[in-house]
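Welcome, and thanks for taking a look at this one with us. Below is a short briefing on a pocket, a side chain and the confidence of the model.

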Amino acid sequence: MKIALPAIWFVLGALVFVAAIGISGVAVPQETIPSMLAMNMPVAVLTLTMCVGIGLAYMLALKIRSSTPLLVFGILHLVATAFSQVSAVMGNIIRQKLMYQSMSMPDGSQMMSLYYSGASLLGFLGWVFFIIAMTIALNTKPPVEETF
């Protein structure tokens with residue numbers, strides 16, 4: 001699991017990148033796809049960069065100061081962030097449907113706000129798990145054989 005957790009972060013970043021670019025053509029007219037792509041691309045690049053950075057942080061922490069609680073909070077962080085990204089992508093799809101009137105305004109805006117609120121709360125929870133995991137990593141003593 002020491003190798004799997006950072007690798008899963010890299011895969012999550014790639015999946016979110018592909019999903020953010022892929023939804024640019026969902027429920028919009030053909031001629032507006034470039035503008036939707038321009039709107040979704042910065043978020044995709046930032047999310048990919050964030051996931052790679054977090055994966056590298058976990059790779060370093062698990063290599064130098066590995067512990068079971070670090071791994072548990074790392075997995076909790078991964079799950080919360082994955083659900084946050086799924087919720088954000090669903091909110092983006094509904095936003096695009098609302099922009100091009102393929103969904104009614106009251107229902108769509110309520111659903112969109114629910115998805116974005118869920119994404120924000122799960123993202124915040126994920127960062128709390130990350131802070132706890134890094135605190136555990138910093139407070140874990142290195143193995144004895146590396147001390148001498």
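For the lining described here, Ala, Val, Leu, Ile, Met, Phe, Trp, Tyr, Cys and Pro count as nonpolar, Asp, Glu, Lys and Arg as charged, and the others, Gly among them, as polar. By that scheme, the lining of the largest pocket has eight nonpolar residues, six polar ones and no charged ones. Please keep in mind that this is a predicted model.

**The largest pocket**
- The space in the largest pocket comes to about 180 Å³.
- Its lining is made up of 14 residues, and those nearest the centre are Ser 84, Gln 85, Ala 88, Ala 119 and Gly 123.
- At least two lining residues come from each of helix H2 (33-64), helix H3 (68-99) and helix H4 (105-139).
- H3 gives the largest share of the lining, with five residues.

**Gln 96**
- Helix H3 also holds Gln 96.
- Gln 96 counts as buried because its relative accessibility is 0%, and the cut-off for buried is under 20%.
- A polar atom of the Gln 96 side chain sits 2.7 Å from the backbone oxygen of Ile 23.
- Leaving aside residues up to four places away in sequence, Gln 96 touches Ile 23, Ser 24, Val 26, Ala 27, Val 28, Met 36 and Asn 40.

**Confidence**
- The protein chain has a mean pLDDT of 89, with 96% of its residues at 70 or more.
- Among the chain's elements, H4 has the highest mean pLDDT (93), while helix H5 (residues 144-147) has the lowest (60).
- Where pLDDT is low, the predicted coordinates should not be read in detail.

Definitions and conventions
Residues numbered from 1 in each chain as written. Predicted model: local features only at pLDDT ≥ 70, side-chain atom pairs only at ≥ 80, totals over all residues. Heavy atoms only, no water. 1 Å grid on protein atoms, 1.4 Å probe; cavity = no way out; pocket = protein on both sides within 12 Å on 5 of 7 lines; lining within 4 Å. Points joined across faces, edges and corners; volume = space filled by probe spheres on them. Helix = DSSP H or I, 4+ residues; strand = E, 2+ residues; numbered from the N terminus. Buried < 20%, exposed > 50% of the residue type's maximum accessible area, 1.4 Å probe, protein only. Polar contact = N/O pair within 3.5 Å; in protein donor to acceptor, adjacent residues only side chain to side chain. Contact = heavy atoms within 4.5 Å. pLDDT = per-residue confidence, 0-100.
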